[in-house]
Amino acid sequence: MSVKWPGEKQDEALLRKAFDVARRSREAGDHPFGSILADAAGNLLMEQGNGYTSEGHDRTAHAERLLASRAARAYDLAFLATCTLYTSAEPCAMCAGAIYWAGIGRVVYGQTEKALKAQTGDHEENPTLDLPCEHVFAAGQRPTVVKGPMLEAEAAKLQEDFWAKRT
């Protein structure tokens, strides 16, 4: 199946919407991560902030995993294969697995896991896995297109001063 993915300008605009979700998550007292799901035309279908605090200190409640689970329940595989998940930070191995199993066809992310790890350190609430999501997707049997990092400096600002205040 050949999908016409959004162009650079639309990707940037939609990625910034994911950044807005991350900002709202932070303002609500949660970890500063956000994701959105868009169809092939760029229409916003779902959004999800991090759920660590709001989901009862669930360490697996990453924005991408929560969104992938919701999307898998709401849409069929054929449709999700034409959708893009935009996210403020590169999906960790757990989230990449959830995105793969949900069947989402494309991921666009802001900050890399490597840069996030350097910025957050070894914080107990964010023991970052420095494993590129492409490695997880490459082990699968269906393709997942990855674009990123994009707007990485903007994405890094979402994390600024957050982790030092949570000690």
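Leaving aside its neighbours within four places in sequence, which residues is Asn50 in contact with?

## Asn50 and its surroundings

The list runs Ser25, Asp30, His31, Phe33, Ala61, His62 and Ala63, where contact means heavy atoms within 4.5 Å. Before going on, a word on the model: it is predicted, so local features need pLDDT of at least 70 and side-chain atom pairs count only at pLDDT 80 or more, while totals for chains, interfaces and linings use all residues. Residues are numbered from 1 along each chain as its sequence is written, and side-chain values use heavy atoms, with hydrogens and water left out.

You'll find Asn50 in the loop between strand S2 (44-49) and helix H2 (63-74). Helices (H or I, at least four residues) and strands (E, at least two) are DSSP runs, numbered from the N terminus. With a relative accessible area of 6%, Asn50 is buried; that label means under 20% relative accessible area, with exposed being over 50% and partly exposed in between (1.4 Å probe, protein chains only). A polar atom of the Asn50 side chain lies 2.8 Å from the backbone nitrogen of Tyr52.

## Ala22, across from Asn50

Ala22 is 28 residues from Asn50 in sequence, yet the two are 7.4 Å apart in space, C-alpha to C-alpha. Ala22 belongs to helix H1 (residues 8-27) and is buried at 0% relative accessibility. Setting aside neighbours within four places in sequence, Ala22 is in contact with Pro32, Phe33, Gly34, Ser88 and Leu158.

Gly34 takes us to strand S1 (residues 34-38). Five of its five residues are buried, so S1 is largely enclosed by the rest of the structure. Gly34, Ile36 and Ala38 point one way from S1, and Ser35 and Leu37 the other way.

S1 runs antiparallel to S2, joined by five bridges; two strands pair if DSSP finds at least two bridges between them. Gly34 has Gly49 as its bridge partner in S2. S1 and S2 make a hairpin with five residues between them, and Gly42 in the turn has a positive phi of about 90 degrees. S1 also pairs with strand S3 (residues 84-89), again in the antiparallel sense, over four bridges. In S3, Tyr86 stands opposite Ile36.

## The largest pocket

The largest pocket holds about 350 Å³ of space. On a 1 Å grid over the protein atoms alone, a pocket is an open set of points where a 1.4 Å probe fits, with protein on both sides within 12 Å along at least five of seven lines; lining residues have an atom within 4 Å of a point. The volume is the space filled by probe spheres set on the points.

There are 23 lining residues, and Arg59, His62, Cys92, Met94 and Asn126 lie nearest the centre. H2 and helix H5 (113-120) each supply at least two residues of the lining. By type, the lining splits into 11 nonpolar, five polar and seven charged. Here Ala, Val, Leu, Ile, Met, Phe, Trp, Tyr, Cys and Pro count as nonpolar, Asp, Glu, Lys and Arg as charged, and the others, Gly among them, as polar.

Most residues other than glycine have a negative phi, and most peptide bonds are trans. His57, not a glycine, has a positive phi of about 60 degrees. His57 sits in the loop between S2 and H2 and is partly exposed at 46% relative accessibility.

Leu151 is another non-glycine with a positive phi, of about 50 degrees, in the loop between S5 and H7. Pro149 lies in the loop between strand S5 (145-147) and helix H7 (152-159), and a cis peptide bond joins Gly148 and Pro149, with omega about 5 degrees.

Conventions:
Polar contact = N/O pair within 3.5 Å; in protein donor to acceptor, adjacent residues only side chain to side chain.
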